[in-house]
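Hi,

Here is the structure I promised to pass on.

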Amino acid sequence: MRKTFMTICVLALCSLLLVKAGPIKAAEPGYTRIDYNPNNAITIDGKWTNDTEWTLNGEPTLIGTSVVFRSVWEFVSMSEVYDTWLVEFLDDTTNDVGDYWQMCIDGDQSGGTVPQTGDYRIDIVNHTNLIVYQGNGTGWTVATPPASIVWANSLSASPTNSTPHWILELRFNKPDVGAGITWNFRLAAYDKTTDKLVAWPPTPRDEPARWGVQNYVSGVIPETLSIAVVVLLLSTAAVVSFYFLRKRPKIESVASIKTGGQTHSCM
């Protein structure tokens, strides 16, 4: 019991370190994170190009014990503000038809119960195909992918997990997908073999008002939020899962850094 109590205390401390309050408009309560400037050079090759590439790049955010992701933003000009992401599906080690990565974007934080014309969805299907959708007021329609979207994924080991697992690197120009300074998003990954859908937040794909908030700071991530913190959070999240989530559903919610929201099984 004491060990469980200590675990919860560690999680609470990590949450205080990683979560920063900011404006929330039409978003899922409890799901807000920070975008930092890059500290190390990033190569979009779908893996950790070296062991320090992402160590000090972006706030690590865990979804359950399965997915950890980070992001950084970089200002080039008023029309070029790039966002770059690293997403690791730690326990997906197989290449399956039906796997996908997904990023839903509500750039103006207008919310709504259905995708609006200012909303975009980026799907990477079967680890090979990029499909971009735009909202139309009732659902999604296929759109021409902006040229600024660059991505790569691979089955690779990393400092986070020495077992080869799926890693995605994704970059896009925020104005090309309607994203303002502060914007809302939903990130999801699906493993066909285990039929596991992991999402942040664990809310409907087609309901922008239920997505999370991406705030920002002008500056690099503090050194205290290094890869060591990710390793610590992974271990503590595993302990919490053992004690409290023995009958865990297929879709995983945020167990370590952010909590809240409801569970939905949807692409």
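I searched the whole structure for salt bridges and found five, counting a side-chain nitrogen of Lys or Arg within 4 Å of a carboxyl oxygen of Asp or Glu. Before the details, some housekeeping: this is a predicted model, in which local features need pLDDT of at least 70 and side-chain atom pairs count only at pLDDT 80 or more, while totals for chains, interfaces and linings use all residues. Residues are numbered from 1 along each chain as its sequence is written, and side-chain values use heavy atoms, with hydrogens and water left out.

Helices (H or I, at least four residues) and strands (E, at least two) are DSSP runs, numbered from the N terminus. Both Glu28 and Arg210 are buried; I use buried for under 20% relative accessible area, exposed for over 50% and partly exposed in between (1.4 Å probe, protein chains only).

Another one to look at is Arg33 with Glu59, at 3.9 Å from N to O. Arg33 belongs to strand S1 and Glu59 to the loop between S1 and S2, 26 residues apart. Arg33 has a relative accessible area of 0%, so it is buried, and Glu59 is buried at 0% as well. The side chain of Glu59 also makes a 3.3 Å polar contact with that of Thr61 (N or O atoms within 3.5 Å, one able to donate a hydrogen and the other to accept it; residues adjacent in sequence count only if both atoms are side-chain atoms). Thr61 lies in strand S2 (residues 61-63) and counts as buried because its relative accessibility is 0%.

Now for the strands, which I call paired if DSSP finds at least two bridges between them. S6 (residues 119-125) and S7 (residues 129-135) run antiparallel and share six bridges, with Tyr120 opposite Gln134 of S7. Their hairpin has three residues between the strands, and Asn126 there takes a positive phi near 60°. S7 also pairs with S8 (residues 140-143), again antiparallel, over four bridges; Gly135 has Trp140 in S8 as its bridge partner.

Cheers
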